[in-house]
Amino acid sequence: MEFLTLAEARERATEIRAWFNLLMDNRKLAPQKNAAQWQFFRLCLDRTLGASPQVPDWRPLQIAQYKFEVENKLRRLYLRDSQPLVFIFRLASRRDARRENLVVDDDYPETGGYHLLVSDRQDAAGSPQSVTTNREHIEMVIAACMDAEFEAYRALPKIDDTKTSPWFVSQGPAHRDLLHSLERVAQRGLVLTNPRNPSTRRLLSINVKEIINDKAVVRTTEYWYLRWWSSIEGKYYYPYRQTTHHTYILKQYDANWLVEEIIRPQPLQNTPHR
């Protein structure tokens, strides 16, 4: 995906801000647009477009969480919304932006270590294009797959496959592995639903390595923290807390990409999952 330079973004500031406001009025994206994560998102936009608002006294971990929540909601919206958009937005860390050559301006503003990037989706005739390219669609499927897997763990002891099945090849290796893991953890009486459970996950980086016909290979770096609570013993079980690399194999069915297999590293700890 190509992004506007800083000069191009500021030259079109009025147009970009108008589309940003329309996006923020979408209750599917931001049901509470004054929540802290959306204040962070707007602050990033203001700084990108040339304003200099004061940054609240947010801690780095808070900012990382805001960034994750905004990116997660944006991916979901772009993935399911079939309506073409004039602009789409992405938050990228300073490191990722430099490594992937997303930012060419040395003075491109950042907020808490993150850049807000803007992509123009209009074609040469000025008509808005589809929200996502094939590669971008695949990236969003991976993010949605991670979200669905995490929510499936949070639903335990009930095993609810309705949220995960849209992202997996039905009864493919990855789908069977997930169902087996859910059944195994449920049998041990482990849950994530006790009060103030700190479990979380993050997609730290993603790289679509190749797309050949109806197959795609994607590499990710993921952080997972699953603080399992034993409903039988009434105490925390040994936690799973790791940053690891994964390889996803996807298969295309009509216009949809589905996860067929996930190649995971061997766990470093004796934990129930992942």
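Biologist: Which residues form one aromatic cluster?

Modeller: One aromatic cluster is formed by Phe20, Trp38, Phe41 and Phe89. This is a predicted model, in which local features need pLDDT of at least 70 and side-chain atom pairs count only at pLDDT 80 or more, while totals for chains, interfaces and linings use all residues. Residues are numbered from 1 along each chain as its sequence is written, and side-chain values use heavy atoms, with hydrogens and water left out.

Biologist: What makes the pair of Trp38 and Phe41 edge-to-face?

Modeller: Rings of Phe, Tyr and Trp (its six-membered ring) pair if their centres lie within 6.5 Å, and planes under 30 degrees apart count as stacked, over 60 as edge-to-face and the rest as tilted; by this rule there are eleven aromatic pairs. The ring centres of Trp38 and Phe41 are 5.9 Å apart and their planes stand at 65 degrees, so the pair is edge-to-face. Trp38 and Phe41 are three residues apart in helix α3, and are therefore separated by about one helical turn.

Biologist: How do you know how α2 runs relative to α3?

Modeller: The axes of helix α2 (residues 13-24) and helix α3 (residues 36-48) come within 12 Å and cross at roughly 175 degrees. Angles under 35 degrees count as roughly parallel, over 145 as roughly antiparallel, 65 to 115 as roughly perpendicular and the rest as oblique, which means that α2 is roughly antiparallel to α3. The contact (heavy atoms within 4.5 Å) involves residues including Ile16 and Phe20 of α2 and Trp38 and Phe41 of α3.

Biologist: Why is one side of β4 and of β9 left without a neighbour in the sheet?

Modeller: The open sheet has four strands in the order β4-β5-β8-β9, with antiparallel pairing, where two strands pair if DSSP finds at least two bridges between them. Because β4 and β9 (256-263) stand at the edges, each with a single partner strand, one side of each has no neighbour in the sheet. Eleven bridges join β4 (residues 200-212) to β5 (residues 215-226).

Definitions and conventions
Axes fitted to C-alpha atoms, helices over the stretch in contact; angles between N-to-C directions. Helix = DSSP H or I, 4+ residues; strand = E, 2+ residues; numbered from the N terminus.
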